[in-house]
Amino acid sequence: MRHVLLIEDEPNIVEALSFIFLRDGWKVDAHSDGANAVATTVQTAPNAIILDVMLPNRSGFEILEELRSLPDYKDIPILMLTARGQSKDRDIAMARGASQYMTKPFSNAEVLQTMNALVGHLP
Amino acid sequence: MLSLDLLIFVSLIYVAFLFGVAFWAERASDVGRGGWMRTPLIYTLSLSIYCTAWTFYGAVGFAARSGLEFLTIYLGPTVVLIGWWLILRRLVRIARAERITSIADLVSSRFGKSALLGGLVTVMAVVGTTPYIALQLQSVTTSISVFAKGTQNILSSTNIALWTAAGLAVFTILFGTRNLDVNERHSGVVIAIAVEAIVKLLALLAVGVFVVWGLAGGAGDVLARIDASPISQWEVSTGRWIGLTFLSAAAFLCLPRMFQVMVVENSEESHLATASWAFPLYLLLMSLFVIPIAVVGLDILPAGSNPDLFVLTLPLSAEQNGLAMLAFLGGFSSATSMVIVAAIALSTMISNHIVTPIWLRSRGQGATISGDVRSVVLTSRRISIIVILTLGYLYYRISGGGAALASIGLISFAGVAQILPVMLGGIFWHSATKIGALAGLICGLVVWSYTMFLPSFGPEVLISQETIDHGLWGLQWLRPTALFGIQGLDPVVHAVLWSILLNSFAFVAGSILSRPSPLERVQAVQFISAFESGSSARGWQRGATDAEDLLSMAQRIIGAAQAQNLFRTAAQRQGKQGYLPDPTPQFLETLERGLAGSVGAATAHAMLGQMVGGSAVTVEDLMAVADETAQIMEYSNQLEAKSGELTTTARKLRDANDKLTKLSIQKDAFLSQISHELRTPMTSIRAFSEILQNPDLSDGDRPKYARIIEDETQRLTRLLDDLLDLSVLENGQVSLDLRQARLREILDRAQASANVDEQIRIRRSAGREDISILTDPDRLTQVFINLMSNAAKYCEAQRPKLTVIVTEAPAAITVDFIDNGAGVDHANQDMIFEKFSRASDHSKAGGAGLGLAICREIITNLGGQISYLPGQRGAAFRISLPRD
């Protein structure tokens with residue numbers, strides 16, 4: 001089953017993304033704080049992650065880096081979302097191993113399509 | 001009675017005769033037949049210009065008024081001459097070695113060739129000599145008017161003075177500035193004044209003999225008359241005697257004309273030895289008949305006759321016209337010889353120390369052609385002579401010619417005596433410095449002017465009666481005749497005592513407190529050792545050293561190429577090949593000059609002295625070397641300071657660069673923050689807009705999502721408002737609407753607008769809020785709302801509470817907002833006022849993190865301060881506002 005973990009601190013954005021993925025038949029978990037994002041990931045064991053860059057207490061880039069250093073998560077699809085809109089952020093994200101990178105505001109269909117493409121063969 | 005016409009005719013003949021003598025002497029000197037002119041006798045006679053009309057006529061007047069006191073005027077020079085080996089020999093030797101041309105040149109050279117000192121001494125000499133020249137003009141005028149009495153007076157006295165001054169100017173220009181001589185010697189003039197010396201001595205002796213044996217009944221009768229006359233009754237005041245003797249000795253040494261004949265015109269040191277007894281003898285002869293003439297004059301002539309003119313009026317009263325004529329010529333000689341030499345000496349000083357320096361400076365560098373300078377110097381001397389005589393004439397006109405001859409003479413004496421301390425210090429005292437000399441001279445000049453020169457014109461001319469009676473600015477101790485409250489002194493003694501004392505004190509103090517420059521050191525050694533070493537101090541004996549050693553030393557100091565060049569040129573001049581000239585005195589001098597350019601004169605001299613061995617290195621030389629070294633060190637310190645400056649500048653540049661980089665980073669951070677804050681609500685709006693387009697949405701979800709869109713839109717609007725607000729506040733473009741308002745009303749309004757009473761209990765103390773304050777109430781309300789909302793939003797206590805405390809201080813009103821929550825971390829306290837900083841997480845804040853930044857800008861614009869107040873239980877903010 002497709003299972004996405006939303007690591008995002010804006011409640012309204014979490015609600016919108018949850019709505020989209022749930023309708024598409026995904027299992028959805030959400031986490032709003034940077035500090036223990038990695039622990040939640042290990043705990044919930046998703047097969048795809050949507051990760052915000054600007055999170056309270058810890059930056060999305062650091063979380064990305066730590067996840068990629070863990071054997072279980074070095075290949076997991078991770079879509080990075082950022083509102084900062086600078087090309088420098090895209091470079092950093094891709095260099096640290098993001099699977100895909102998107103700038104807010106996004107199109108719902110595009111996010112869904114991208115995630116489905118990343119997850120691929122899963123039903 | 002002698003006719004005036006005859007008198008003028010004889011005077012003109014006499015002047016023509018003097019012209020002839022001077023002209024003939026100059027010619028003889030030019031063709032080398034002037035050896036007889038440089039004899040001790042001529043030298044001694046030339047010193048007689050000390051005896052001016054003042055001594056010729058005035059001594060008798062002096063004696064008639066104050067008895068034997070006139071002798072002091074002769075005692076001073078006698079003392080100086082008897083002790084000639086002490087001061088005079090030294091002066092003559094130094095002047096010879098250093099080619100000194102005047103007393104101004106002496107002082108200037110001694111103190112590091114200071115142009116300032118030369119100019120100052122020149123000015124003092126001119127000021128001190130002007131009354132003296134006026135005195136001579138006056139004596140000529142009054143003596144002529146004696147003859148004019150009873151005849152038709154075709155010549156007014158001012159006319160006589162004017163013509164005399166003009167005639168003297170012509171004579172002085174003709175014989176004093178005929179050519180430029182490095183030694184400033186004028187043989188024609190010297191011979192002319194020697195002739196005049198004989199004339200005046202003969203005249204006075206003749207009058208004396210006639211008075212004693214012609215008018216009175218011989219020596220015995222005269223002695224009896226002296227005993228009977230009031231002259232013998234005069235009490236001798238010791239203070240005045242000592243004072244006047246000192247004064248005349250000082251003047252004898254310092255008078256520009258005396259310096260000219262005694263030091264500058266001196267051709268042989270040995271002449272001094274002869275003069276040391278011959279000149280006192282001359283003075284003795286001059287004074288021999290003074291008392292008899294005075295006594296007999298007082299006896300024979302009608303009461304009220306001017307005793308200054310007894311020398312003329314006694315022969316005239318006895319119808320001895322020939323003798324009267326001789327007496328007149330004696331007085332005329334005394335006056336003219338003094339004026340001529342004084343004008344020559346002063347014009348040399350003016351042109352060398354005032355005109356030429358100014359002219360050279362105005363020409364700039366590199367424009368000094370030899371012929372050019374000569375004509376300028378001669379022209380300036382001629383003009384100076386005219387100026388000096390004009391000044392004397394003007395002084396005569398202004399002072400009205402009324403003062404007795406003796407008192408004018410004393411004023412002049414005291415004026416030039418101010419140079420004495422500096423001159424003696426200069427030739428005896430190693431540690432005398434330029435600063436000290438300047439201080440002493442200026443001090444002496446000021447005190448002399450104030451106590452003697454200015455009052456001499458009489459009250460209300462240059463100095464008011466008020467000042468004379470009650471002192472300057474009404475200060476009793478500044479009375480010109482009783483300085484520092486010391487009364488009862490004779491005015492002359494008083495002025496001389498104070499001016500010389502303060503002058504010497506300033507000179508010594510200034511010298512001790514200041515450091516001489518290397519050039520001054522060198523000159524001090526030159527001047528003082530000029531006497532001790534017995535010959536020119538810096539001459540080199542043929543050295544007992546090897547030219548190769550000298551070359552290797554020179555190379556180290558001035559560099560190989562330059563040293564080799566210097567040595568090769570010198571060798572060529574000696575007719576030798578290669579680089580090693582013989583160490584002749586000439587070569588050593590050249591080498592010393594070459595080295596001096598790099599290491600300073602004293603060091604160069606000491607180095608060569610060490611190697612050549614001919615001239616011992618003295619302690620003074622070593623001190624001079626130390627001085628130069630100190631200067632070089634000072635220079636290198638300056639360089640170090642410069643390099644320090646450079647380092648500072650570099651650091652400043654680096655700091656500025658860092659600041660710019662930081663600003664640029666801040667700008668980037670700010671932009672990405674804004675981007676984040678704008679995009680976040682837009683993301684929600686876009687996502688839910690898309691979701692709302694979905695047809696199979698439940699009826700419960702639809703309004704819920706629509707409200708989210710509305711909220712996020714409001715959030716966007718708020719953010720834009722805040723950003724605009726902040727930008728206006730930060731740029732200082734805000735227009736404040738200042739007016740008086742009650743603090744309580746502002747807080748009431750804020751509390752109502754914040755509308756947070758449901759979330760937090762706000763405690764206030766209404767009594768203390770009843771304060772009127774000049775502020776912008778709307779803006780202040782905005783700040784209060786912000787702080788109340790923040791407390792409501794962030795305070796996590798079980799029962800949230802916000803306490804508002806108002807405190808009144810004399811200078812400020814403080815308003816504290818303290819909640820009972822967790823407060824702000826120590827680490828975050830500094831940054832909470834920055835834009836987009838939020839201590840807690842985004843979700844709860846619901847703002848962009850601009851609130852406190854805006855608060856800070858508003859309070860700053862209102863002239864107050866907002867700060868986080870640590871150490872309270874919860875979060876605490878303090879606002880302090882200025883009182884009106």
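Some ground rules before we start. Residues are numbered from 1 along each chain as its sequence is written, while chains are lettered from A and ligands numbered from 1 in the order in which they are written. Because the model is predicted, local features need pLDDT of at least 70 and side-chain atom pairs count only at pLDDT 80 or more, whereas totals for chains, interfaces and linings use all residues.

**Exercise 1. Find which elements of chain A have the lowest and the highest mean pLDDT.**

Step 1. Start with the chain as a whole: its mean pLDDT (the predictor's confidence in each residue, from 0 to 100) is 89, and 97% of the residues of chain A reach 70 or more.

Step 2. Now go element by element, with helices (H or I, at least four residues) and strands (E, at least two) taken as DSSP runs numbered from the N terminus.

**Exercise 2. Work out the strand order of the five-stranded open sheet in chain A, and say which strands stand at the edges.**

Step 1. Pairing requires that DSSP finds at least two bridges between two strands. The order is S2-S1-S3-S4-S5 (chain A), and the pairing is parallel.

Step 2. The edges are held by strand S2 (27–31) and strand S5 (100–103) of chain A; each has a single partner strand, so one side of each is left without a neighbour in the sheet.

Step 3. From one strand to the next, the twist averages 20 degrees.

Step 4. Zoom in on one pair: strand S4 (residues 78–82) of chain A joins S5(A) in the parallel sense over four bridges. There, A:Met80 has A:Tyr101 of S5(A) as its bridge partner.

**Exercise 3. Describe the open sheet of five strands in chain B and the helix that lies across S4, S6, S7 and S9.**

Step 1. The strand order is S4-S6-S7-S9-S8 (chain B), this time with mixed pairing. Strand S4 (761–764) and S8 of chain B are the edge strands, each with a single partner, so one side of each lacks a neighbour in the sheet.

Step 2. Follow the antiparallel pairs. Strand S6 (residues 801–808) of chain B pairs with S7(B) over seven bridges in the antiparallel sense, and B:Thr803 stands opposite B:Ile818 in S7(B). Strand S7 (residues 812–819) of chain B and strand S9 (residues 876–882) of chain B are also antiparallel, over seven bridges.

Step 3. Look at B:Phe877 in S9(B): B:Phe817 has B:Phe877 as its bridge partner, and B:Tyr868 stands opposite B:Phe877.

Step 4. Axes here are lines fitted to C-alpha atoms, for helices over the stretch in contact, and angles run from 0 to 180 degrees between N-to-C directions.

**Exercise 4. Classify the residues on the side of chain A that touches chain B.**

Step 1. Count contacts (C-beta atoms, placed from the backbone, within 7 Å): chain A gives 19 residues and chain B gives 18 residues.

Step 2. Helix H1 (residues 11–23) of chain A supplies the largest share of the chain A side, five residues.

Step 3. Sort by class, where Ala, Val, Leu, Ile, Met, Phe, Trp, Tyr, Cys and Pro count as nonpolar, Asp, Glu, Lys and Arg as charged, and the others, Gly among them, as polar. The chain A side then has nine nonpolar, five polar and five charged residues.

Terms used: Two residues are in contact if their C-beta atoms, placed from the backbone, lie within 7 Å.
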